[in-house]
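Hello,

Here is the structure I promised to pass on. Please open it first, then read my notes below.

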Amino acid sequence: MLKKIDHVGIAVPNIEEALKFWTTGMQTTVAHAEEVAAQKVKVAFLPVGETNIELLEPTDPTGAVGQALQKRGPGIHHICFEVEDIRAALAHLKAQGMTLINQEPVPGAHNKLVAFVHPKSSGGILIELSQPK
Ligand code: ZN
């Protein structure tokens, strides 16, 4: 079902500030940046080999990332797995009794279809599934 780890999402209060570490320190570069209105975040993707670091900056404190930052501070927010068929993956997880945040895929960054699995089903880790267009 899972093809690879697409990215690790990291919640930050400010992407520009966070980039000092990720570009100057870790010598990665931003390959793509956009605002994802549906998720109330600005994102920046920094490729690392086959995967990416995704920096997430809330555009609205009431969004999921805004709330996570207020509750837990900056840090790892989610792990995203690429799947071939996101609807089949969601149906499988649901049939196994797992709790889904998104019953249906929603638009994510890069115009991909994404859906989140609730941390209570995964031992406390927010899991994102994504299907490339
Ligand atoms: Zn993500």
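How much space lies in the largest pocket? About 570 Å³. A pocket here is an open set of points on a 1 Å grid over the protein atoms alone, where a 1.4 Å probe fits, with protein on both sides within 12 Å along at least five of seven lines; lining residues have an atom within 4 Å of a point. Points are joined across faces, edges and corners, and the volume is the space filled by probe spheres set on them.

Some ground rules. This is a predicted model: local features need pLDDT of at least 70, side-chain atom pairs count only at pLDDT 80 or more, and totals for chains, interfaces and linings use all residues. Residues are numbered from 1 along each chain as its sequence is written, and side-chain values use heavy atoms, with hydrogens and water left out.

Pocket lining

The largest pocket has 32 lining residues. Ala64, His77, His78, Phe116 and Leu126 lie nearest its centre. Helix α2 gives the largest share of the lining, six residues. Helices (H or I, at least four residues) and strands (E, at least two) are DSSP runs, numbered from the N terminus.

Zinc site

His7 (NE2), Glu54 (OE), His78 (NE2) and Glu128 (OE) coordinate the zinc ion at 2.1 to 2.2 Å. Donors are N, O and S atoms within 2.8 Å of the metal (3.2 Å for Na, K and Ca); water is not among the atoms, so sites may look incomplete. The four donor atoms subtend angles of 86 to 173°, so the arrangement is irregular. Tetrahedral would need all angles between 85 and 135 degrees; square planar (four donors) or octahedral (six) needs opposite donors over 155 degrees apart and all others between 65 and 115; anything else is irregular.

His7 is buried at 3% relative accessibility. Glu54 is buried too, at 5%. Buried means under 20% relative accessible area, exposed over 50%, partly exposed in between (1.4 Å probe, protein chains only).

Sheet

Eight strands form an open sheet with mixed pairing, in the order β2-β3-β4-β1-β5-β8-β7-β6. β2 (32-36) and β6 (106-107) stand at the edges with a single partner strand each, so one side of each has no neighbour in the sheet. Two strands pair if DSSP finds at least two bridges between them. β6 and β7 pair antiparallel over two bridges.

Backbone

Gln27 has a positive phi, near 55°. Gln27 is exposed, at 68% relative accessible area.

Best wishes
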